[in-house]
Amino acid sequence: MLGRWAKQLVVTVSVEPDDPWVVERSGEYRSLDGLGRFHELCRRYAVRPTYLLTYSAASELRCAAFARSCGDSAEFGAHLHPEEVPPIAEVERGNHTLRPSAVEPGRLREKLANLAERVAAAAGRRPTSYRAGFGDFTPAQAAALAELGFEADSSLGPLEKMGSAYPFLRLPLEPHVLDPADLLCKSAIGNRQSAIRPLVEVPLTSVFRRPFPRRLFGVYFRLPGIVRGALRAAGLAEALRFRPAAASADDLVAVCCRTERMGVPAVMTVHSNELWPGTSGSVVTEAACAAYFERVERVLAHCRERGWSCRTLTEAARAVREGAR
Ligand SMILES: [Zn+2]
């Protein structure tokens, strides 16, 4: 039943430290001050965002105060960057590009349990939704999260790039029960998986601007950049990401229109450090920050005008389960 996901907006915000490469220090959180403005914008359009908290952000008093002030107007999930979650091995400390798949599964499970505890302490509720840092989601994470009571993951997307490859081109665009075989390292699933309710994957949204045959996705992404640029200039093929940091307002609205026609939800990706000037590489000045908020508002206004509804990640996961019954 593909059509039931049309006109559904899911707004996700990875809540992280300021980008250490931009502010030239680790452990800075000026950008947390942008969350209130963002939440107020969402609230005006009756949108309930899902904030995915990293361990270190959830440890900040301002973040906990923000979470408590939101009450039921938002969902609070977890976002893993393993180098900042105990137990931290010496080789992990300060490695801001550490991928979850590089962490030994036993220690990874401990990290996920500690992350869930820390988010629960900040938000006053146990998290049920999740995103892996760098989209690096593995069967070991899926198994541990299911044990810890998580219901939704939003780490993957058919058009998401991992390194230099696009390993998820066959992944459905609509929310679906996660098949661990879709993930990258199939070896670490373990037998416990079968006894546990599997997670629902709510994929990140990227779409082609115009209808484009699925069987050609792989061919398209193997083309040299210059050829893809020519196809884009000719209006023949162009992939659009549903990220206010990486798309114009017109393109974000175009993504909404395409997902509506395709009968899939539009899952937006925001990073907290894009919500304050000078704390990310993509939003540097006051003017850029104002323009970012304007782009988001264009999307929210478009969705309201067209009668869209909004779901959190966990609500999307539960809708999959209810539909499957
Ligand atoms: Zn992240």
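## Ser155, a buried residue

Let's start with one serine: Ser155 has 27 other C-beta atoms within 10 Å, so Ser155 counts as buried, since the cut-off for a buried residue is 20 or more. Keep in mind as you look around that this is a predicted model.

You will find Ser155 in the loop that runs between β5 (152-153) and β6 (176-177). Which residues does Ser155 contact, leaving aside its neighbours within four places in sequence? They are Arg131, Ala132, Gly135 and Phe137.

## The largest nonpolar core

Now turn to the largest nonpolar core, which has 75 residues. Leu53, Cys63, Val119 and Ala152 are the ones that touch the most other members. Helix α5 (residues 105-123) gives the most to this core, contributing seven residues.

Take Ala152 as an example. Not counting residues up to four places away in sequence, Ala152 touches a set of residues that includes Thr128, Tyr130, Leu199, Val202, Leu313 and Ala317.

Next, look at helix α9 (residues 249-262) and helix α10 (residues 286-305), whose axes come within 9 Å and cross at roughly 30°. Because of that angle, α9 is roughly parallel to α10, as angles under 35 degrees count as roughly parallel. The crossing of α9 past α10 is right-handed.

On the α9 side, Ala249, Leu252, Val253 and Cys256 take part, and they meet Glu294, Arg295, Arg298, Val299, His302 and Cys303 of α10. Sorted by type, the residues of this contact are six nonpolar, one polar and three charged.

Note on methods. Residues are numbered from 1 along each chain as its sequence is written. This is a predicted model: local features need pLDDT of at least 70, side-chain atom pairs count only at pLDDT 80 or more; totals for chains, interfaces and linings use all residues. Axes are lines fitted to C-alpha atoms, for helices over the stretch in contact, and angles run from 0 to 180 degrees between N-to-C directions. Helices (H or I, at least four residues) and strands (E, at least two) are DSSP runs, numbered from the N terminus. Angles under 35 degrees count as roughly parallel, over 145 as roughly antiparallel, 65 to 115 as roughly perpendicular and the rest as oblique. A crossing is left-handed if the near helix is turned anticlockwise from the far one by less than a right angle, and right-handed if clockwise. Two residues are in contact if their C-beta atoms, placed from the backbone, lie within 7 Å. Ala, Val, Leu, Ile, Met, Phe, Trp, Tyr, Cys and Pro count as nonpolar, Asp, Glu, Lys and Arg as charged, and the others, Gly among them, as polar. A nonpolar core is a set of buried Ala, Val, Leu, Ile, Met, Phe, Trp, Tyr and Cys residues joined through C-beta atoms within 7 Å. A residue is buried if 20 or more other C-beta atoms lie within 10 Å of its own, exposed if 12 or fewer, and partly exposed in between; C-beta atoms are placed from the backbone.
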